[in-house]
Structure formats: C-alpha cells, structure tokens
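Open the structure in a viewer and keep the selection tool at hand. The stops below are meant to be taken in order.

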Amino acid sequence: MPKLWITGDSYSYIFPEDRDSRIWISQLANKLNCTVENGSISGASQDYCWQYLEDNKTNISPDDYVIVLLTKPNRYWLFEDKPEASNSKITNMAEMVGFKRAKIAKDFFNHIQRPEMDIMLVKNRLGWLDHVAHHRKWHKTLVIVGFNQEYGSENSYPSLMFSKGNINEDISRQEQQDHTEREFFEGYDARYHHMVYSNHKIFANKVYETLVNNVQLDLTTGFIKQILTKDQLENGEFAEIEFSKNNYQVYLKNRMIWRKRNRV
Amino acid sequence: MSRLFITGDSFTYVFPTDQNENVWHVDLAKKLNLEIVNVSLWGCSQDFNWRVVHNFKENTEISITPDDQLIVLLTSPSRFWFFEDRPDVTNPNVVDIDCAIGTERAQIASNYFRYIQRSQLDRLSVKIRLGWLASTARQMGWKPPLVIFGFEQFIGEPSDFPELKFSKGSLAENVSSMEQIDPKDQYTFRAYDARFGHLCLSNHKILSDKIYQTLVNNSELDLTTGFIRHFLTPENLLDPIFAKKEFSPLLYGRYLENVNKPLKTPWYEKFK
C-alpha cells in the first residue's frame, strides 16, 4: 500500500491519536487508498519540515505521494528541543523556552532574521527537494503554499508542483466575513487546520485531482467564503458541523483570557 | 571567452593590492584559458557563497553558461552570516570583531553560537545548499561544479549529488596545516597567516595542477597526497628569501608587525 507523506505546520498537524475522518488529510488518504506518514507540528519552521524529509527520504518510494505544506520562511528552528518556538509573533515564548532563551529568540528576530536571507533559504530548500525528488524518482512532489512568499520561478523546480495561491490568504482568512480581521478567533483558532470542515472536503478533492490527474491545485477559487460571523462562534450547532471539537473548547476557554489581556 | 567562476572564503580571497599570478586560481584560469570571476570574501559563511552563486545564476549580465566552470570553496558550516552589512563576521575565533560591529551585535552573535548553532542544523543546511546547487547545475546545463572542501565537514554521501564533483580531503586539514612542522599548532603564524589562501606558493602550483587534471581529465581532486609538508619551520618564517618565494608580501608584512605582540583573545571568548 503506498504512503502519503506530509510535512508542514498547523495546516497539516494532527493531534496525537486523533482519528478525525473529516480533516482533509484523512479524506485524501482514503481517496488515494494510502496510509499516512505525517511529520507536521504546529508552528513548524521550514527547516523542521526539511529535516523530516531528509530523515525519511530513503523510506519514501516512487509509488508514494509527498506533500509539503510550505510554512512561513521567517520562522526559524532556534532550539532543537522546541521546534514549535519558531515565530517572532509567539506571545508566550518565555513559557515555552524559558526567559533567557526567549530573549535570545527576540534578539535573533530583531537583529539577524531578514527577508534577503529568508528568500535565498527557501530557494535552497526547494532546490534540494527538487534534486531529491528527481533522483529518487518520486511522483511530482506537491508544495502547498501555506503563506504568501517569494520563492523564485516555479520553472526552477521541475520535479515539484505548486499550489496557485496560499491557504492563509485564499482559504483560511476568506472564511471570515471580514477577511482583514486578524484576531477573529481571539487567540485560538477553533478550526482544524485553520479551515472549516466544509472546506476540508473541497480541499481534499482538489489535492486528490492534483496528485492523480496532475491538475493544478488552485486555492483561489472553489472554496466556501465568508461563512464565519461572530454569531456563529456562539452557535453550538454550527461549531459541531464546522469546528474541531477540541479546538472549539480551547477557543471558548482561551478567549476570556485573551479578552482580559486585550481589555475587550 | 569562457569564464572560471570562483566563490569561497580566505582560501580563495586575494587582496586587491596583493595580486599574484602564481596563486592557484589565477594560474588555473590561465592554464584553462578562462577569464576569472572570483567573488570571495575573507571569513565569510557558506550562505554568502550561495548568495553569490544565486547571483551568478540569476544576474543576466554575469550569469554562468554551460561553457563556464564554477568552483565553490566550501567553508566551515558553523560560520553564520548574522548581519547583512557584515558578511565577514561569521566566526567565533576571529579577534577584534566586537570592536568592528559593536558590543550589542557581538553579544547577539555570541548568544547564537552558545544557544542556537548546532551540528544538526549545520549538516542539514549544507545538504540543502548542495542539493540546490546540484539541481541548478542540472537544469542550467552547467559543467559539474567543483566543490573543494575548505574544512572537513559532513555532507552525507557525495554520490547523492552526481551533478557535483568533490575534493577528497580538505585544504585546512590536508594541505594548509600539514605545511607546519606540527599540524595541530594553531599559532604557527600567531595572528596573521602570511600565506596566500593559507598555502605556500609551492603548494599553490601543485593545487593548480591537480585541479586542472580534475577539470580536464575528470580525475579525482585528491588533497590528501602530493603536497609539500612540514616545511614551515620557525627559521623559515623569519627567512626573507623563503618568505619572498612562498608568502604574500602584504600578509608577511602584517605577520612581521604582529609577531612579537601578545595574542589577543577571540571576541567570542569575551562574551562567554
């Protein structure tokens, strides 16, 4: 039985022991009749994902499928034991890694991290992936862009295929009635993989068509938009249909703290 | 005229006022009848060299063609390009860098080495860089780029990158330090290495011949044999005839100026 290899961040992370059949990964694996090998974690940097690919490249066979969720290029895997502490926007960095390391991370993001370097490193990573996919005769590896970023011409990577558009701006944010609102979920996204379940189904179908029929994965059209209003966040029935049960509970718990912190 | 593109660190950098036709890459370009394009920087990191190669690929005015040859001198993977304006500040073992970049930036760089830099990340980054280079060489139809190890390092299996050629051995461990009486002595030259690219000119000639054979006859570039060894005696270092034959006049002058001064502490040590 072929395998579906996935690496990425919260767009593909699955909670341990979770058997949720509604998420796009489960639906896709079912359609492809594949078992899933998922090396994703919430908050992962690209380096974390590439280490997973490097560690597993000899285990991936030409019959398998490989999907890389391309996370933000400005995340860095600073501390080996805390790959999720990769982001300058994390508010509880000191809780995650300790005060001293949080200060070091802050200095890194303020003084060292810069777009010129990020862009080159993304190109290097994609070049490496193209190289490995070519020599190991993998199916064309699917790179799903999580966040808008610059990575050069797609023609530079003939063994890869790329999504048109990105999940963050073209699906996730577009589900909100006001897609410009950055704190719609007040600190904790109630959705699985930052998408309502209805869009998981569409997403799985589109990715399937891409992997099997070589159709470009177009994230800019065909998804349900503006489905999320503030009222629906209070609607238990809607939440059951569209949100992850676990995440919705955490969201409800967290938003009180968030509102207090942000004096809403 | 086709060109010999080179990027590297102090193993390939030559000061503009210190040009010499016997330096290996100058001699090699002459033998190959190639115009030399050398973008190297003293103390730089691999990321700097890769930025250079990205430019060689993307810059239409100076891009590498299938008739050209690229040589990459692979510097130490633990060097890190911290600050865009100072690609030469990468290395914990250099002295006085803190004076050049300021205490705050030196402290930040020092913390990087103490808390973030690690061999797992270094190894991954080297493999990723080499993968990009191999993929680019294949697609652009470049002659196999020659990767010369400046320093010993782990890259996995060279056969994972069939589009590239690699040296056997490294310049630092197999040529440069072996010129000393005691290869482990880090202070043969005190603070200033008087040699062009850390090699005596006699070994530049040998290196140039070897690389020529590698590029023209596809032979392995073996740095572990065939070089002159153990001839840098304390007497030779002070012998002007020997110095004239083997050293850079500019760097030898700096060496003589500093030879009797006390050794300075590397900047990184000050922030420990």
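**Stop 1**

Select Asp209(B) and Lys31(B): their side chains meet in a salt bridge, with 2.5 Å from N to O. Asp209(B) sits in helix H7 (residues 201-217) of chain B and Lys31(B) in helix H1 of chain B, so this pair ties together parts that are 178 residues apart in sequence. The model is a predicted one, and distances read from it are computed values.

Now colour the two residues by accessibility. Asp209(B) has a relative accessibility of 30% and counts as partly exposed. Lys31(B) is also partly exposed, as its relative accessible area is 31%.

**Stop 2: along helix H1 of chain B**

Is Asp27(B) buried or exposed? Its relative accessibility is 16%, and the limit for buried is under 20%, so Asp27(B) counts as buried. To see what lies around Asp27(B), show its contacts: with residues up to four places away in sequence set aside, Asp27(B) touches Glu21(B) and Ser208(B).

**Stop 3: two strands of chain A**

Move to chain A and select Lys3(A) and Glu37(A). A salt bridge joins their side chains, at 3.6 Å from N to O. Lys3(A) is in strand S1 (residues 3-7) of chain A and Glu37(A) is in strand S2 (residues 35-38) of chain A, so that the pair links distant parts of the chain, 34 residues apart. Lys3(A) is partly exposed, with 29% relative accessible area, and Glu37(A) is partly exposed at 28%.

**Stop 4: a network with members in both chains**

Next select Glu54(A), Lys57(A), Lys127(B) and Asp160(B), which are linked in a network of salt bridges. How many salt bridges does a search of the whole structure find? The count over all chains is 33.

**Stop 5: the cysteines**

Select Cys49(A) and Cys34(A). The closest cysteine sulfur to that of Cys49(A) is in Cys34(A), 20 Å away, which is too far for a bond. Over all chains, the search finds zero disulfides. Cys49(A) is buried, with a relative accessible area of 0%. Cys44(B) is buried too, with a relative accessible area of 0%.

**Stop 6: the nonpolar cores**

Finish with the nonpolar residues. Which members of the largest nonpolar core touch the most other members? They are Phe108(A), Leu70(B), Leu130(B) and Leu133(B), in a core of 56 residues.

Centre the view on Leu70(B) and show its surroundings. Apart from neighbours within four places in sequence, Leu70(B) is in contact with Phe5(B), Val53(B), Phe56(B), Ile64(B), Leu133(B), Trp142(B), Pro145(B) and Leu146(B).

Then select Ile41(A), Tyr52(A), Val66(A) and Ile128(B). These residues are among the members of a second, separate core of 29 residues.

Definitions and conventions
Residues numbered from 1 in each chain as written. Chains lettered and ligands numbered in written order. Predicted model: local features only at pLDDT ≥ 70, side-chain atom pairs only at ≥ 80, totals over all residues. Heavy atoms only, no water. Buried < 20%, exposed > 50% of the residue type's maximum accessible area, 1.4 Å probe, protein only. Contact = heavy atoms within 4.5 Å. Salt bridge = Lys/Arg side-chain N within 4 Å of Asp/Glu carboxyl O. Helix = DSSP H or I, 4+ residues; strand = E, 2+ residues; numbered from the N terminus. Disulfide = S-S within 2.5 Å. Core = buried A, V, L, I, M, F, W, Y, C linked by side-chain atoms within 4.5 Å.
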